[in-house]
Amino acid sequence: MAEAAESPGDPRTTSPRPLMRDLKAVGKKFMHVLYPRKSNTLLRDWDLWGPLVLCVTLALMLQRGSADNENDGGPQFAEVFVIIWFGAVTITLNSKLLGGNISFFQSLCVLGYCILPLTVALLVCRLVLLAKPGPINFIVRLFVVIVMFAWSIVASTAFLADSQPPNRKALAIYPVFLFYFVISWMILTFAP
Amino acid sequence: MAAADELAFHEFEEATNLLAETPNVTTVSRSDQRPPEGHVAVAVDPGGSYGAEDEVESDKTALLQEQQQQPGFWTFSYYQSFFDVDTSQVLDRIKGSLLPRPGHSFVRHHLRNRPDLYGPFWICATLAFVLAITGNLTVVLAQRTDPSIHYSPQFHKVTVAGITIYCYAWLVPLALWAFLQWRKGVRERMGPYTFLETVCFYGYSLFIFIPTVVLWLIPVPWLQWLFGALALALSAAGLVFTLWPIVREDTRLVASVLLSAVVLLHALLAMGCKFYFFQPLPLEHMAPTHQNTPPHPHGVLTPTPPRPTTA
């Protein structure tokens, strides 16, 4: 907090420390998603910057270059955005209605950060699609997407499952499964 | 501690039945009554009728007398009461919708005064996504055998599927409930279902379409029709068996019109989904692929004669 109180007018003393601090926090959460362990970091210091960056990246990368016939195309930017945020909000509401004791923004934070493996999958798919199309191309993409889908589910379950009573865990996890499944489908069917 | 909470909630449910009949009594301890999963009607209601649970309003006023405060519809806990189910209960309700038995009403047997919104909401969401995804998959599979078919992700179909399924799952129960409320005066013995129960059994009845839609991937037309007919029969049977205790006291004309309308709407939904999302492949193969086609979504079934230029 002392860093935030620095005077903004003097360019020599205004160091980018708040920004670096936030970036470090975001980076730390990315590492927690990639190597999920039982830890409270994502829940305690939630932020929505990471999910926003991931969501925008995903939506931008899912855009196709050519202006096709409108009905012919993949998801529009707005569609991806709406699906991710609306889906995350719905899952959070569902979890709270079932009696979970996680806060609204903590849950959004976890769900958003756990899109990271799927974003990596999309990057890999785009690279693979530069090569010659064919069944091997498709099998590689399918394998990558499946692995990253499983990784996302495991990561989000590690954080979210403890907040539900044991007799309702499956009810709370199933919508997460559906959510990441739909995102994986969008990634797998992407064709430039 | 969770067990005691569950018992307390059940206590309120039976208390609402008692209180609706005799508003001035207080609830009794449950220690000498049957376990909560037993049939509520036997322990509580000597008249054998379910008239106590007719309107949602009487339930809520009974709760008011119990709790001294009303969970208004603007509070979160009001909606939380609709999600008060366990995994085992949801699975049991799904199984009940898959295997309808004559004489066993889904509402009486499986819902037992505790309708939930979790099942209908997520079954509809799953069905909408599965419809769009498998519809898209059929195009992918068709393209493998016939490379001339143009593949596109067709993402707008998700929106269409979602809107259709959710409108069906909410508007049709609303109309049905309103109609049954209107005909309430004819019935002596049994009160109609609450709106929530109607939405609930409609939502659960849609579950069987999820595996059916996945099985529609198999590109054998008569098999697709067979699966569709089977799913429709099971689903409609569940609806009819659930509605039968309500309508059987009505006049024959009203009963038969109502039941046939319910089955017809269900059949229309099934066939509409089949035609919109799963095009018969040979006709799709004949669809013209040159540029001056009218701008309609690819693959909509248009039984036009082949154009001269594609001959």
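This is a predicted model: local features need pLDDT of at least 70, side-chain atom pairs count only at pLDDT 80 or more; totals for chains, interfaces and linings use all residues.
Of the 311 residues in chain B, 45% count as buried. Chain B shows an accessible surface of about 16,100 Å², and carbon and sulfur atoms own 68% of that. Looking at contacts in chain B with a separation of 6 or more, 72% come from residues 24 or more positions apart.

| Helix pair | Axis distance | Angle |
|---|---|---|
| α4(A) (residues 77-97) and α8(A) (residues 169-188) | within 9 Å | roughly 170 degrees |
| α7(B) (residues 118-145) and α9(B) (residues 195-205) | 8 Å | about 35 degrees |

Take the chain B pair: α7(B) passes α9(B) in a left-handed crossing. On the α7(B) side the contact is made by Gly119(B), Pro120(B) and Ile123(B), and α9(B) brings Val199(B), Cys200(B), Gly203(B) and Tyr204(B). Sorted by class, that contact has 5 nonpolar, 2 polar and no charged residues.

Over in chain A, the axes of α4(A) and α8(A) cross at roughly 170 degrees, and therefore the two helices are roughly antiparallel to each other. From α4(A), the contact draws on Val80(A), Ile83(A), Ile84(A), Gly87(A), Ala88(A), Ile91(A) and Asn94(A). Facing them from α8(A) are Leu171(A), Ala172(A), Pro175(A), Val176(A), Phe179(A), Ile183(A) and Met186(A). By class, the contact between α4(A) and α8(A) has 12 nonpolar, 2 polar and no charged residues.

Note on methods
Residues are numbered from 1 along each chain as its sequence is written. Chains are lettered from A and ligands numbered from 1 in the order in which they are written. Side-chain values use heavy atoms; hydrogens and water are left out. Axes are lines fitted to C-alpha atoms, for helices over the stretch in contact, and angles run from 0 to 180 degrees between N-to-C directions. Helices (H or I, at least four residues) and strands (E, at least two) are DSSP runs, numbered from the N terminus. Angles under 35 degrees count as roughly parallel, over 145 as roughly antiparallel, 65 to 115 as roughly perpendicular and the rest as oblique. Contact means heavy atoms within 4.5 Å. Ala, Val, Leu, Ile, Met, Phe, Trp, Tyr, Cys and Pro count as nonpolar, Asp, Glu, Lys and Arg as charged, and the others, Gly among them, as polar. Buried means under 20% relative accessible area, exposed over 50%, partly exposed in between (1.4 Å probe, protein chains only). Accessible areas come from the Shrake-Rupley method with a 1.4 Å probe; for residues, only the protein chains shown count as cover. A crossing is left-handed if the near helix is turned anticlockwise from the far one by less than a right angle, and right-handed if clockwise.
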